[in-house]
Amino acid sequence: MTVPELSALSTGKFRTVPQRNDNLVVRRKADAFSAESRRMLAYLAQPTDIDPEVDILETTEIFGEASDEDDAFARNLPTGFAAVAARHRVVGGVLTIRQNYNQSGTFTPRGRKAIFVGVLRLPDEDAARAVGAELAAAASAQTPGQHSIPVPDLAQTLLGSADDELGDSFTAHGKYVVITRIRIPGPDAGLLATQTARILDKQFTLLDEYVPSRADDIPGLPELSDELAESALPSGDGLYGRFGQHLAGVYGPRAHAHLERNSSAAATAFADAGVDLIARDGGIVYRTRDLAAAFRLQLALTEPEPTDQPVPTPARLVDARCFESKHSMGPDGTYFSCVVVYGRYVGVVRTRYGDPKTEWTLHQAISAQYAIIARSE
């Protein structure tokens, strides 16, 4: 590890000292819902567990307070979800969507495929059954010509599809509703049903392991209180805040894999590097086993995708690795990214594509993130 003089780093307007993350303070009901939803991500099935080719992240979202107009979570569910959520008191939720193609359409080795899986937590089993039925009815109303397909070994589940290529299901499981949506390359009702059964089986098993937090315990959750959160570059200063303020928080490695562009590779890299905790805000900080593990994780996080290309690194950050990712799906779209190592920690920042000062801003942001980690020791 090559350590520069921190005062010599060019950090521009970005903050360079650890500070309390106000995004993690529970002030409203939505803050508590978001904190518990971040925990739930560790118990959400990975689409790549069902089909390894469906590995390109489109989005991962958590439930806070649903609004059909401006909430990213609600936009991925049937119209009217916000009203259903309020009426039946949804208290947490997570969803993820992965596919095998990107915005340029280049990743289509065997035709277009996608898998959506989501979970809603309700106060009781009656509410879960009601929400499942109402969302299924709303989805059917939005898709003219939809018919039902039985799912093997799951009598309570009917898969809705209009063309046997895209099908969705809404299944109550105890106090939860499991939502799936699958796209396959061509019409095949049997394959849709089989894929749905596999997702549901995996998701039911994970939910049976999940122990929900009591409402009074939520403000003290590790996801809200761990000191590592103070090491992440804060959002709110502008261009670099690419990760979504509503996703700010502290995650375990299994939960954060849903937010990585390659979940399977990330899970393997996390295990190899002994990652036990990840803080996410304007930047991301990964805590690994030791320095050697941190460098291995840096290499894994910068493993080039077909559309990536390297970009210059800040002159004084010898250990930084930076790249440009083009035509990427997911919440970050096309972006520039830098990854740096300090001790057992790995820091990441990203900047939006298209700004004329992108490279300069990227260098300042990663320098600030490095300084914060160094001063957190």
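D126 is exposed, at 53% relative accessible area; exposed here means over 50%, buried under 20% and partly exposed in between, with a 1.4 Å probe and protein chains only. Before I go on, this is a predicted model: local features need pLDDT of at least 70, side-chain atom pairs count only at pLDDT 80 or more, and totals for chains, interfaces and linings use all residues. Residues are numbered from 1 along each chain as its sequence is written, and side-chain values use heavy atoms, leaving out hydrogens and water.

Back to D126, then. Its salt-bridge partner is R129, with the closest N and O atoms 2.3 Å apart. By salt bridge I mean a side-chain nitrogen of Lys or Arg within 4 Å of a carboxyl oxygen of Asp or Glu. R129 is partly exposed, at 46%.

How many salt bridges does the whole structure hold? The search finds 10. Another one pairs R87 with E134 at 2.5 Å, N to O. That pair links distant parts of the chain, 47 residues apart, with R87 in helix α4 and E134 in helix α5. E134 is partly exposed, at 27%.

One more for you, friends: D276 and R287 meet at 3.0 Å, N to O. D276 lies in the loop between α9 and β9, and R287 in strand β10. Here D276 is partly exposed at 36%, while R287 counts as buried at 19%. Finally, shared partners join E36, R39 and R121 into one network.

Notes: Helix = DSSP H or I, 4+ residues; strand = E, 2+ residues; numbered from the N terminus.
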